[in-house]
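These notes are for a colleague who is opening this model for the first time. Please read them with the sequence and the structure side by side.

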Amino acid sequence: MSKAGIYDQLVSEYGEQFTPEEAQYAIDNPKYIFLLTS
């Protein structure tokens with residue numbers, strides 16, 4: 001999945017419902033995404 005796709009899923013009302021700032025942090029810090037998905 002592309003970074004844009006991950007971002008869209010994180011901020012989607014049907015997805016994780018992160019704020020745009022939280023989603024961008026997750027994209028910029030791949031270790032954070034690993035923690036979310038494990």
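1. Please keep in mind that the model is predicted.

2. How much of the protein chain is buried? Of its 38 residues, 13% count as buried, where buried means under 20% relative accessible area.

3. The pairing of α1 with α2 deserves a look. The two helices pack with their axes 9 Å apart, at an angle of about 145 degrees. Their crossing is right-handed. The residues in this contact comprise eight nonpolar, one polar and one charged.

4. Which residues make the contact between α1 and α2? From α1 come Lys3, Ile6, Tyr7, Leu10 and Val11. They meet Pro20, Ala23, Gln24, Ala26 and Ile27 of α2.

5. Helix α2 spans residues 20-28, and its buried residues are Ala23, Ala26 and Ile27. These three lie on the same side of α2, because they cover an arc of only 100 degrees around the axis. The face turned away from this buried side carries the exposed residues Glu21 and Asp28. Ala23, Ala26 and Ile27 are also among the α2 residues that meet α1.

6. Leu10 belongs to helix α1. Is Leu10 buried or exposed? Its relative accessibility is 8%, so Leu10 counts as buried. Leu10 and Ala23 are separated by 13 residues in sequence, while their C-alpha atoms are 5.8 Å apart in space. Both residues take part in the contact of α1 with α2.

7. Gln24 is placed in helix α2. With a relative accessibility of 35%, Gln24 counts as partly exposed. Along the chain, Gln24 and Leu10 are 14 residues apart, and 9.1 Å separates their C-alpha atoms. Gln24 is one of the α2 residues in the contact with α1.

8. Ile27 is another residue of helix α2. Its relative accessibility is 12%, and therefore Ile27 counts as buried. How far apart are Ile27 and Lys3? In sequence the two are 24 residues apart, and from C-alpha to C-alpha the distance is 6.6 Å. Lys3 lies in α1 and, like Ile27, belongs to the contact of the two helices.

9. Asp8 sits in helix α1. The relative accessible area of Asp8 is 49%, which makes it partly exposed; the exposed class begins over 50%. Asp8 and Phe18 are 10 residues apart along the chain, with 9.7 Å between their C-alpha atoms.

10. Most residues other than glycine have a negative phi. Gln17 is not a glycine, yet its phi is positive, at about 60 degrees. Where is Gln17 placed? Gln17 is in the loop between α1, which covers residues 3-11, and α2. Its relative accessibility is 56%, so Gln17 counts as exposed.

Key
Residues are numbered from 1 along each chain as its sequence is written. This is a predicted model: local features need pLDDT of at least 70, side-chain atom pairs count only at pLDDT 80 or more; totals for chains, interfaces and linings use all residues. Side-chain values use heavy atoms; hydrogens and water are left out. Buried means under 20% relative accessible area, exposed over 50%, partly exposed in between (1.4 Å probe, protein chains only). Helices (H or I, at least four residues) and strands (E, at least two) are DSSP runs, numbered from the N terminus. The arc is that of the directions from the helix axis to the C-beta atoms. Axes are lines fitted to C-alpha atoms, for helices over the stretch in contact, and angles run from 0 to 180 degrees between N-to-C directions. A crossing is left-handed if the near helix is turned anticlockwise from the far one by less than a right angle, and right-handed if clockwise. Contact means heavy atoms within 4.5 Å. Ala, Val, Leu, Ile, Met, Phe, Trp, Tyr, Cys and Pro count as nonpolar, Asp, Glu, Lys and Arg as charged, and the others, Gly among them, as polar.
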